[in-house]
Amino acid sequence: MREERNINQEGRDQRLTEQELAARDETILNYLRQGWTNQQIAEVLHIRPEQLRRIIYRRLFVTYDVHTRAELVETVPLEQEEERDLAEYWTASYDFSYQECRIATLLYQGLNRREIAEELCVAESTVRNHLHRVYQKLGACHRARALYVLDSAVKSLQQKI
């Protein structure tokens, strides 16, 4: 029964043209970039959350050669001055510690937990703990939402300058 459903879903995907698949993928990516949850995206696209997960993992992750949802979110490299201004802004706005600022900046630049640990020469579990506190202070429950909040902060800071 379960295999039948997978075959049916894949069959539906095969009936869509490449152009329609690309349009659907871009729509899903836009929602992910805005921090939407799978449930919200599935409701808007009128599909089951399980189908959306399959699309994300089987099509988007393979197409864009990524391993986590957060890697699908576009990030902007920062200049050193911008990084310092951003750290000051985040400290004032979200009450981040110095280490949380560094980790939030690296997170915003698109590094995953392992890469952040290597960059800062700390254990991956330490980064995980700091990320947990960063997510709490941002009011985010997952990485994609945290990136959305951080990106909003960057854009508001750039408007002030």
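What percentage of the 161 residues in the chain is made up of buried residues? In this predicted model, buried residues (under 20% relative accessible area, with a 1.4 Å probe and protein chains only) make up 37% of the 161 residues. Local features need pLDDT of at least 70 and side-chain atom pairs count only at pLDDT 80 or more, whereas totals for chains, interfaces and linings use all residues. Residues are numbered from 1 along each chain as its sequence is written, and side-chain values use heavy atoms, with hydrogens and water left out.

The secondary structure comprises nine helices and zero strands, helices being DSSP runs of H or I with at least four residues and strands runs of E with at least two. Of the contacts (heavy atoms within 4.5 Å) with a separation of 6 or more, 59% are between residues 24 or more positions apart.

In helix α3, which spans residues 38-45, the residues N38, I41 and A42 are buried; because they cover an arc of only 100° around the axis, as given by the directions from the axis to the C-beta atoms, they lie on the same side of α3. After α3 comes H46, with a positive phi near 60°.

Helix α6 (residues 98-108) packs with helix α7 (residues 113-120) at an angle of about 130°, the axes being 10 Å apart. The contact involves Q99, R102, I103, L106 and L107 of α6 together with I116, E119 and L120 of α7.

Notes
Axes fitted to C-alpha atoms, helices over the stretch in contact; angles between N-to-C directions. Buried < 20%, exposed > 50% of the residue type's maximum accessible area, 1.4 Å probe, protein only.
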